[in-house]
Amino acid sequence: MLLPEGFVPQGIRRLWLADNRLLSLPQDASQWQNLTYLNLDRNLINALPNLSATSLRWLRCNGNHLTQVPPLPDSGLSGSTFDCCLSSDEVKVRELVDD
């Protein structure tokens with residue numbers, strides 16, 4: 001399944017797309033500037049677009065076919081959680097910034 005460009009409304013802050021058999025995110029995902037929470041668990045995604053321009057503070061992408069984590073926001077904010085399991089070496093990448 002593919003999400004078409006423009007499917008996700010601009011200004012969205014939280015997006016739960018787990019368990020949807022998604023193959024990828026649209027390239028305009030890099031423009032979801034207000035997005036703070038994104039759950040992509042258990043899809044078929046093998047690559048994510050650059051998400052560094054978002055306000056992302058919480059990302060889950062376990063159970064996909066990712067081999068690398070895309071550029072993420074460098075917000076410097078405490079409390080950020082990025083939790084992804086990479087299929088290339090089956091090593092869980094987890095960054096937790098404590099308050």
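Which residue lies over the face of Tyr37, and at what distance from the ring centre? I looked this up first. Arg14 lies over that face, at 5.2 Å from the ring centre of Tyr37. I note that the model is a predicted one.

**Ring pairs.** I then searched for aromatic pairs and found two. I looked up where the partners sit. Trp16 belongs to strand S1, residues 14-16, and Tyr37 to strand S2, residues 37-39, so this pair ties together parts that are 21 residues apart in sequence.

**Second pair.** I went on to Tyr37 and Trp58. This pair is also stacked, at 4.3 Å centre to centre with 5° between the planes. Tyr37 lies in strand S2 and Trp58 in strand S3, residues 58-60, so here too the linked parts are 21 residues apart in sequence.

**Accessibility.** I checked each ring residue in turn. Trp16 has 52% relative accessibility; the cut-off for exposed is over 50%, so I listed Trp16 as exposed. Tyr37 has a relative accessible area of 17%, and buried means under 20%, so Tyr37 went down as buried. Trp58, at 25% relative accessibility, counts as partly exposed.

**Summary entry.** I recorded Trp16, Tyr37 and Trp58 as a cluster linked by ring pairs.

Notes:
Residues numbered from 1 in each chain as written. Predicted model: local features only at pLDDT ≥ 70, side-chain atom pairs only at ≥ 80, totals over all residues. Heavy atoms only, no water. Phe/Tyr/Trp six-rings, centres within 6.5 Å; stacked < 30°, edge-to-face > 60°. Helix = DSSP H or I, 4+ residues; strand = E, 2+ residues; numbered from the N terminus. Buried < 20%, exposed > 50% of the residue type's maximum accessible area, 1.4 Å probe, protein only. Lys NZ or Arg CZ within 6 Å of the ring centre and 35° of its normal.
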